[in-house]
Every structure is written in C-alpha cells, then in structure tokens.
Amino acid sequence: MASERLTERRRVYQQYKADVKERGKPFFPYAMWHDTIMSLVVVVVIIGLAVVWKYTTPGNHHTTDPGWLGKLYDNPADPGTINFVPRPDWYYYFLFYLLRIFKWPESVLLGTIGIPTIALLLLIALPFIDLRSERRISRRPVAIIAGILVVISMGVLTFKGATAKEALGSELLGHVSAWAKKEGYTGNQAAVKGAKLFAVSGCLNCHVYNGDGGQNLGAPELTAEGAKNKGIAFQIAHLKCPSCKNPGSPMPSFAGLGDDRLKLLATFLESSKGSK
Ligand code: HEC
C-alpha cells in the first residue's frame, strides 16, 4: 500500500518534470510580467473606484446622500456615549456570532482563538495531508463535503450575526413596564426611572435582567440583586467605583452619570427582589 502510493507519487513527479520541459516557461520574464500587469490592473481599478466615489458623492460633512458608492463621511464619533453597541463589518459577522455562542469565561478562548486557529492550521496542513494528484471533483468527496460544510456554516453564522438582536437601549426601554410588573415596583416612580436608565446605560451588555441582555465578563444576573439587601449606599458606591467595593471587578465606573441618576439606579437595583 505504502510503496504503491510512493510509486504513484514518483510517476506524477516525473510526469510533472516532463511537462515542464515540454511546455514550461521560465519565471523571468513570463511570470513576473504577468504579475506586474495584474497588479497594475488591480491598482488602476481601486484608483478608478476612488475617483468615481469622490465625484459622484455630494461632498460635505453633513450630507447623508450616499452617492453611488457610499457616503463620504460617517457621523462624528461621540466620545461621551455610554451605550454604544459595537458591531463589526459584515465580513466578520461569522466570528462575531461565534463569540456569542460561547459563554464567558469557560469556553470563550475556544470560540475566539481555538476554533479559528484550528481551522487555519488545517488549511495550512492541507497540502501535506492530501498528497494525491487527483483533482477531479467527483473523486474528492471528503474535500468537497468539507468545503460545502465550511461555506454553509460560515453562511449561517454570517446570517445569524447580521440579524442578532443587540441590547439596544431604545428597544430595552419598551421592556421597562414589563420588568416593573414582574418585579412588583410599578408604583415606585424612582425605581421605574432607574430601570429606564438601566435600559439605556449599557448595563445589559454585561448583565442579564429578566431574560434581557447578555452575560459578559462574568457579570452576575441582576434580576434578584435587591434580594441581597446590600443597600442603596452600597449600590451607589459600587456604581461609582466597582473595584473599590468588589476588588478586581472589571465593571467600569458609572460615576459620570451623577449622584441623582446613580440614586435612581440604586433604588431600581434594590427594588429588584426577583421575578414573580
Ligand atoms: C463591562 C461589563 C459591565 C457593565 C457595562 C456593567 N457591569 Fe455591573 N458588573 C460587572 C461585573 C463583571 C460584575 C461582578 C464584579 C462586581 O461585583 O463588581 C458586576 C457587578 C454588578 C453588580 C453586583 C454588585 C454586588 O456586589 O452585588 C451590580 C448591582 C451591577 N454590576 C450593576 C450594574 C449597573 C447598574 C450597570 C449599568 C449602569 C452595570 N452594572 C454595568 C460588569 C459590568
């Protein structure tokens, strides 16, 4: 078996050498000429697209007219935002969704580094694993099925990433009255106001509350935070400086919200005794 394979490889190699002698062309100048022309074509196309983009788009900072190939400027970044939801470009949606499937912290390294690295290593190793000279599609079922599976799974992940629901403040605001009903603080104005702040302040990017949001960085679920009876003063102090109260905490400081709003948030947290 092994020697059969070896003879086959020798035969293919001899065939290859003979083909080169008969029809081969030297690298210089043929391949170099070919590559130079192709690179020039690519550069010229990019320059052409840039020129078309620039001259078909109305050009000032405030326009939202996308022209033919997209707008000239995005909205300026807001350095004061506290509820920005980061989203990748479309070609990273598959990785973005892969990240969501894995849970912090046990398997997140597997999802972000492990699986992509294994896939890449397999791809690099492929020429060393598959040594046959066979190139007909019908004779390579394993490679074909693997290829189709990769395309399907990346397609599904990209679709799921594109349509994934974010913990968007504007959407979560609509859930506040349902939260209040479940937790029984509908009559407590301060708690309801705090819940609205909670919905729009990005807390649900890390915390789960009554089924909303997503768990990140090991943040605890807050549905029954009030049942711990830590008190308003603790909650305010923790929001101002999480790591002062719980050493090593990766939660960011929310001191920037100001004392009044922190008090509302704290009231909301202490009123959240758990869902009924
Ligand atoms: C970047 C992620 C992140 C964000 C955003 C975040 N938290 Fe946290 N939070 C954590 C982590 C991690 C912990 C666990 C460590 C700790 O207790 O500080 C935590 C703990 C808490 C606790 C439990 C404290 C205790 O000891 O009982 C409360 C309450 C809390 N967060 C409220 C909030 C509120 C309210 C917001 C929004 C204003 C918020 N968090 C935003 C990550 C986050």
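At what angle do the axes of helix H9 and helix H11 cross, and within what distance do they come? Let's look at that first, keeping in mind that this is a predicted model.

**View 1. Helix H9 crosses helix H11.** The axes of H9 (residues 232–240) and H11 (residues 259–271) cross at roughly 125 degrees and come within 9 Å. The crossing of H9 and H11 is right-handed. From H9, the contact draws on Ile232, Gln235, Ile236, Leu239 and Lys240; the H11 residues include Leu262, Leu265, Ala266 and Leu269. Sorted by type, the residues of this contact are seven nonpolar, two polar and four charged.

**View 2. His207 and Met251 coordinate the iron atom of the ligand.** The donor atoms here are NE2 of His207 and SD of Met251, at 2.0 to 2.1 Å. The iron site has six donor atoms, with angles of 88 to 178 degrees among them, and is octahedral. His207 lies in the loop between helix H8 (189–200) and strand E1 (208–209), while Met251 sits in the loop between helix H10 (242–245) and H11. The pair is 44 residues apart, linking distant parts of the chain.

**View 3. Helix H7 packs with helix H8.** Here the axes of H7 (residues 176–183) and H8 are 10 Å apart, at an angle of about 130 degrees, which makes H7 oblique to H8. This crossing is right-handed. Val176, Trp179 and Ala180 of H7 meet Val192, Ala195, Lys196, Phe198 and Ala199 of H8. The contact between H7 and H8 has seven nonpolar residues, no polar ones and one charged.

Methods. Residues numbered from 1 in each chain as written. Predicted model: local features only at pLDDT ≥ 70, side-chain atom pairs only at ≥ 80, totals over all residues. Heavy atoms only, no water. Axes fitted to C-alpha atoms, helices over the stretch in contact; angles between N-to-C directions. Helix = DSSP H or I, 4+ residues; strand = E, 2+ residues; numbered from the N terminus. Left-handed = near helix turned anticlockwise from the far one by under 90°. Contact = heavy atoms within 4.5 Å. Nonpolar A, V, L, I, M, F, W, Y, C, P; charged D, E, K, R; others polar. Donors = N, O, S within 2.8 Å, 3.2 Å for Na, K, Ca; no water. Tetrahedral: all angles 85-135°; square planar, octahedral: opposite > 155°, others 65-115°. Parallel < 35°, antiparallel > 145°, perpendicular 65-115°, else oblique.
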